[in-house]
Amino acid sequence: MHRNCRGLGAEGPPSITITGNGKVFYTPDMGYIHVGVSSDAVTAAEAWQKNEAIVKRIFDALKDLGIEERDFKTTNLNLQPRYQHKKDEAPKFLGYTASYNLVVTVRQLNQMSKLLDRMVSAGANRNMNISFGYSRLDELMDEARTKAVTEARKRANLYVTGASPSARLGDVLAISDNPHHLQSPMFPIDARALSEGNASLPIAAGEQELRVAVTVRWAIDNHRIEP
């Protein structure tokens, strides 16, 4: 919480600045699966082709489960040479590694574990993570901001009227908030362990929290209001 009071000796009219915090809890209703594919080959073309075949299998598996293409997002493509390094020897060229990263938006959380299984079976083999989101983020933000402003005003009233019974809050002089992006933690998944498992991995989103801070500056009216 931030407090800043300015009196008559300071430049401008007396004022008080308070930062209020709003907190809301929510249960995620959507998720994200982050996966990568990596393939090694002697030539660059062969590495790309191997990766391409795996990615196509992953796409087919996702479509079979009803995931629309609008929910596929490529986040990285990379091709780099591989070398073997030994002490006191020149690097030995081994070939190329092609890599591809994909994020899949999952709009039905009960599909998460099945999708993970199918993507690993199709060849996903690196950088596997899951995260969660919420489809009505604007509603959450509005609720948290309302709570933050309410808290700020309550505290400002407490300080001003407590300091002087004849004082009250005046006009609002400024309002600002801290931009907030809903960021769920990433949960890593071991692709190898998943591929060797005998059952789907259970996924539980749980309850999560969103916080917003809003700073408001009020003028202080020091004139008693007669009944």
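Which residues have the most contacts inside the largest nonpolar core? Select Ile33, Ile58, Leu62, Leu102 and Met119 to see them in this core of 25 residues. A nonpolar core here is a set of buried Ala, Val, Leu, Ile, Met, Phe, Trp, Tyr and Cys residues joined through side-chain atoms within 4.5 Å. Buried means under 20% relative accessible area, with a 1.4 Å probe and protein chains only.

This is a predicted model, in which local features need pLDDT of at least 70 and side-chain atom pairs count only at pLDDT 80 or more, while totals for chains, interfaces and linings use all residues. Residues are numbered from 1 along each chain as its sequence is written, and side-chain values use heavy atoms, with hydrogens and water left out.

Helices (H or I, at least four residues) and strands (E, at least two) are DSSP runs, numbered from the N terminus. H2 supplies the largest share of this core, six residues.

Now centre on Ile58. Not counting residues up to four places away in sequence, Ile58 touches Val37, Leu102, Met119, Ala122 and Ala124; contact means heavy atoms within 4.5 Å. A second, separate core has 20 residues, including Ile16, Val24, Met141 and Ala148.

Show helix H1 (residues 44-64) with helix H2 (residues 112-122): they pack at an angle of about 155°, with axes 8 Å apart. H1 is therefore roughly antiparallel to H2, a term for angles over 145 degrees. The axes are lines fitted to C-alpha atoms over the stretch in contact, and angles run from 0 to 180 degrees between N-to-C directions.

For the contact itself, select Ile54, Arg57, Ile58, Ala61, Leu62 and Asp64 in H1, which meet Leu115, Arg118, Met119 and Ala122 in H2. The residues of this contact divide into seven nonpolar, no polar and three charged.

Stay on H2. Eight of its 11 residues are buried, so H2 is largely enclosed by the rest of the structure. The buried residues are Met112, Ser113, Leu115, Leu116, Asp117, Met119, Val120 and Ala122. Just after H2, select Gly123, which takes a positive phi of about 130°.

Finish at Ala47 in helix H1. Ala47 is buried, with a relative accessible area of 0%. Show Ser39, Ala41, Leu79, Tyr96 and Ala98, which Ala47 touches when residues up to four places away in sequence are not counted. The C-alpha atoms of Ala47 and Leu79 are separated by 8.3 Å, and the two residues lie 32 residues apart along the chain.

Notes. Parallel < 35°, antiparallel > 145°, perpendicular 65-115°, else oblique. Nonpolar A, V, L, I, M, F, W, Y, C, P; charged D, E, K, R; others polar. Buried < 20%, exposed > 50% of the residue type's maximum accessible area, 1.4 Å probe, protein only.
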